[in-house]
Every structure is written in structure tokens, then in C-alpha cells.
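Here is a short tour of a few local features, meant to be read with the model open beside you. Take a look at the structure first, and then we can walk through it together.

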Amino acid sequence: MERRLRFLYTLFIVAVLHTSRISTQDVDDFDADEATVEIENDPAPPIDVPYESPVVSDKSKVYLSDHFDDVAQFNKRWMKSRAMKEGISEDIAKYDGVWEIESPQKDGLTGDLGLVLKSKAKHAAIASLLTKPFVFNTKPLIVQYEVILQDGQECGGAYLKLLSEGPDTRNLAQFHDKSPYTIMFGPDKCGNDHKLHFIFRHRNPLNGSIEEKHCKKPKERLEDFFSDKLPHLYTLIVNPDNTFEIKIDRQVVNSGSLLEDFTPSVNPPAEIDDPNDKKPDDWDEREKIPDPEAVKPDDWDEDAPAQIVDEFATMPAGWLENEPTHIPDPNAKIPEDWDSEMDGAWEPPLIDNSACENAPGCGRWEPPLINNPNYKGKWRAPLIDNPNYKGKWRPRRIRNPDYFEDKEPFKMHTVSAVGFELWSMSKDILFDNIIITDDIQVSEQWAADTFDKKRQKIARDSESLVQRIANLTNEYPILWAVYIIVLGIPVVFILYLCCKPSSSAASLVKASTVSQVGEGDAPRKRKPRKE
Ligand SMILES: *[C@@H]1O[C@H](CO)[C@@H](O)[C@H](O)[C@H]1NC(C)=O
């Protein structure tokens, strides 16, 4: 004991000496050029990235843009829904989710505010008219916005809807889940199902009915975007040539064609199976049949068992035929409240017979079963090609009566407003810097003025954390002692356990070995030596 304490103490002294040596050295340096050091080591707060609310230079290309930094303007433009959801009971049907304009909880740029869905497990909807309707014609549609899932996301959406122009979307105070939309775009998650929606509603040119078309899944893993609580930028680009692109943080995660990458497909198949065509009764679909000429060989015994008793097996040496596998627990006691009249005669519970522990077995020995070499099983005739085989039957193909071809699914219903209509199990979803434009340069510049700065600040803050630790250590070299002690403790502990031949540690090991041997000792003597 004493020796070990001395060892620890020595180690501590070495650590302290080492530390003080560094600190003396450091103080010398410090004296030498105090001024420079002071400037360099100034533990300044995280560097702020200067931010100003973005301005779009060419308004003619923009249908809506909002940075949410201006509360008065936000109140003028956006309408919180006071609608009721249809078809469910009144108390849960209300759109009473809470929306606020706030700065982000973390890493915010000074002066940068966003639209925050505060409440969870409530229906929430908010919408704004576009400054002018977007008509799908010769220019691309670009929709871009930021999301920060400040509280992560358990189950719920952070997508937006581009509302279709018409009488049902005129009053945004009545915006609800059935309000007609043209495009739905954005992230959505429940449990392990991570999605990035791009859905458009397509009008059937034959009968005018509307059908949702769902984009194929992105190839990218989406998990991190839902869990890292960082700002992410979602961009949808739909082009007049029916191609589309989806980006997260400016990286393309999905792309393709409105005509090819959506389900159900925009255009129905030109031909379909004739629903009235039926398979003829005599159509033989069997490629192979059992040979009708084959006969069972005379020596084929269908009744031979699959397994038989191994006649050559002998009882293993050391098998304890007279020991039962289980014995009454000698330590069990009759419970005090046992009533022989009511409960019957008390019997101790059975436990494993310890005498059997090291024997190959106890009790009656039975020879094992082995596979029967004469086993044949049921006889079956071999298969031969079916002379009447006609191939697999398929119904006749006919022209699809519902067929149409829409070559321009891009020409969707005009968009007059944008809104969030959400329900989420996680609170504090922040939306920011939404823009709808027909010019990719405009959305790129908008992202450079907003999203890029946010990410820059986050990058610098995390970089400056490492920097700050380095600076602090330079300033207070005593921290070295802390590092050494913290890092040293496990090392000392390991040395202490493994390398130092200490009497108590050794006896601990010995004791456990002895107890193992002790238990196995008696039966082992009975075990056959020959093995
Ligand atoms: C229009 O046609 C589609 C497909 O052909 C069909 O599913 C839908 O029920 C039809 N709608 C109406 C209103 O007839």
C-alpha cells in the first residue's frame, strides 16, 4: 500500500515539475514580446460574420422573397391560417400552431431572423401571396429556402406548398390541408423514414381529374440533414424542358425528368392487358410433367425410416447411470406458511445434480440416432418435358382507352401563393430566406448573401473553439498539468493493475483461480483420464 502511494506521489511531482518548467519558459517568452502575444492571444468572442438582410437586384425575376428580418413586413405579407381541418373532431381540427419571428437559438448572424414554428403536435399553417403569379411557360421555376430543425425532428414535415391560383386559395386565412397546390417540396420524416418530397399535381387532359405525382427517391442518405440541427438549404429547379433538379446545400441530390421519374407516371401506357381476355381451360402451362411411363423399382422401400438407432454406439466412459440428472434441492426449506392440508405434501424444488457437472452424462443412457443408409423416401416419377406445353398464358394487349400523351407536364397550374401547412412532433423549426424566382443566378446570389454566411459563421466558430483552447493554454500553462493529470490517470491505473506486482492484486487473481479449481475438483477426479 505504502509503496503504491509513493509511486503515485512521484508521478504527481514529475507532472508538476514538468508543468512549472513549461510555465517558466512561457513567462520568459511572454516578457520578451508582450505586445504581440497580447494581440494574438486576445480571447475575442467568436468572429462575427457581418450580415445585412439580402436585397434582390432584379425584382422582375422574383415572385416572392422573404428573409423574415423585418417583422412589420412579415406581418403585412404572411397570413396565419385560422382554418379547421376537415373530417376530424373539432378540438384537434384547429390550425392553432404558433408561428414567431425569432433569431436562431444557436450560431445566429447578428440581425438575422427567421420564421419559427414554435409549437409541436399542432396543425399549423401560414401562407403568403406571391408578388405576381408564377405562370409555367418558358422560364424555369426555382424554389429555395432554408430549414433549421433546431430541436431535431422526430416525426413531421418542413416542406412548403406552392398553392394553385383559384377561388380555393384566395383567402389564405382558410389555408388548410385540402387547399389545392401545384407543387409540394421539402423535407419530411417519421421514425426511420427520411424523405425529401417533390410532388406535383397533374391534370388529366381527358377528364380533368387531378393526380399527385411523386418524385423518385434521392440516392443520397438524408439522415444527417434531419439530425445535425444545422441550417440546410433546399432548392428545387424545374425546367421548361421537363427536367428537374433538387439540391441540398447546393449539392444535387436528385435529378431527372417529369416524364420519367414520377409515380404514377404522367402518361399512362398506350396498351394494356385486355381485362376481358380469359385463359382457355385447356391451356397447359406446365413446362415439365412426371414421366407417365416410369414405374417404381421393386427394391424401393418407401417405409424405411430416415433415422435408425446406432447399433455400434456404446455408453461413454464415465457416464453416471445411477445418478439422476436432477435432485431435490438439499438447501430448500419448507415455507413457514406452508399448510400441508391445503397445499398438499411439500416437496423441495429440483436442481441440477452437481455430480453430473463434469461427467459425460447421467441417468439412463440411450444410443443415439443416425441417418439410415437405406432410407429412400417417397418414390416419385422423374420429370420430363411436357409435350402439350404452350408457354405461359398472357392476356391479349389492347389499346388503353384512358391513354393520353402530355408532352409538357411542366405546364402546371399557375401558382399564386406559397405556404407551410405542417404538423410536427418536434418544436422550433426555423424557416428562412425563401425565394421563388425564374433565374438561377438570382437564387444563387440570394444563397450567397444568406445561407453561405450562416455556414461561414458556424465554420469559423467551430474553428475558433480549437483556436481558443490553444490560446488559453498558451496563456495559462498550468492547463498542461490538467491535461497531463487527466490523460495520466488511466495510464497510472493500468500500470497499477498490470505491471506492479502488488500483493493484494495478485491475491485477488489467485483467489478467483482457486475457487474455480475448488469447485471443479471433486468431479474431475471421477472423470476418465483417457481423453
Ligand atoms: C379520369 O381518368 C382517370 C384515368 O383514366 C381515372 O382514374 C379517373 O377516375 C377519371 N376521373 C373522372 C372524374 O372521371
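How many residues lie between β9 and β10 in their hairpin, and which residue in the turn has a positive phi? There are 2 residues between these strands, and Gly191 is the one with a positive phi, about 60°. Please keep in mind that this is a predicted model, in which local features need pLDDT of at least 70 and side-chain atom pairs count only at pLDDT 80 or more, while totals for chains, interfaces and linings use all residues. Residues are numbered from 1 along each chain as its sequence is written, and side-chain values use heavy atoms, leaving out hydrogens and water.

- Helices (H or I, at least four residues) and strands (E, at least two) are DSSP runs, numbered from the N terminus.
- β9 (residues 181-190) pairs with β10 (residues 193-203) in the antiparallel sense over 8 bridges; pairing requires that DSSP finds at least two bridges between two strands.
- Within this pair, Lys195 in β10 is the residue opposite Asp188.
- β10 also runs antiparallel to β11 (residues 210-215), joined to it by 5 bridges.
- Arg201 has Glu212 in β11 as its bridge partner.
- The hairpin of β10 and β11 has 6 residues between the strands, and Gly208 takes a positive phi near 80° there.

**Disulfides**

- Searching the whole structure gives 2 disulfides, a disulfide being a pair of cysteine sulfur atoms within 2.5 Å.
- One of them joins Cys155 and Cys190, with the sulfur atoms 1.9 Å apart; this link is left-handed, with -95° about the S-S bond.
- The pair connects distant parts of the chain, since Cys155 sits in strand β7 (residues 155-157) and Cys190 in β9, 35 residues apart.
- Cys190 counts as partly exposed at 40% relative accessibility, where buried means under 20% relative accessible area, exposed over 50%, and partly exposed in between (1.4 Å probe, protein chains only).
- Cys356 and Cys362 form a disulfide with sulfur atoms 2.0 Å apart, and their link is left-handed at -110°.
- Cys356 is buried at 16% relative accessibility, and Cys362 is buried at 9%.

**Helix α7**

- In α7 (residues 440-449), the buried residues are Val442, Ser443, Trp446 and Ala447.
- They lie on the same side of α7 because they cover an arc of only 135° around the axis, taken from the directions from the helix axis to the C-beta atoms.
- The elements they pack against include β6 (141-149), β25 (429-437) and α8 (451-475), with contact meaning heavy atoms within 4.5 Å.
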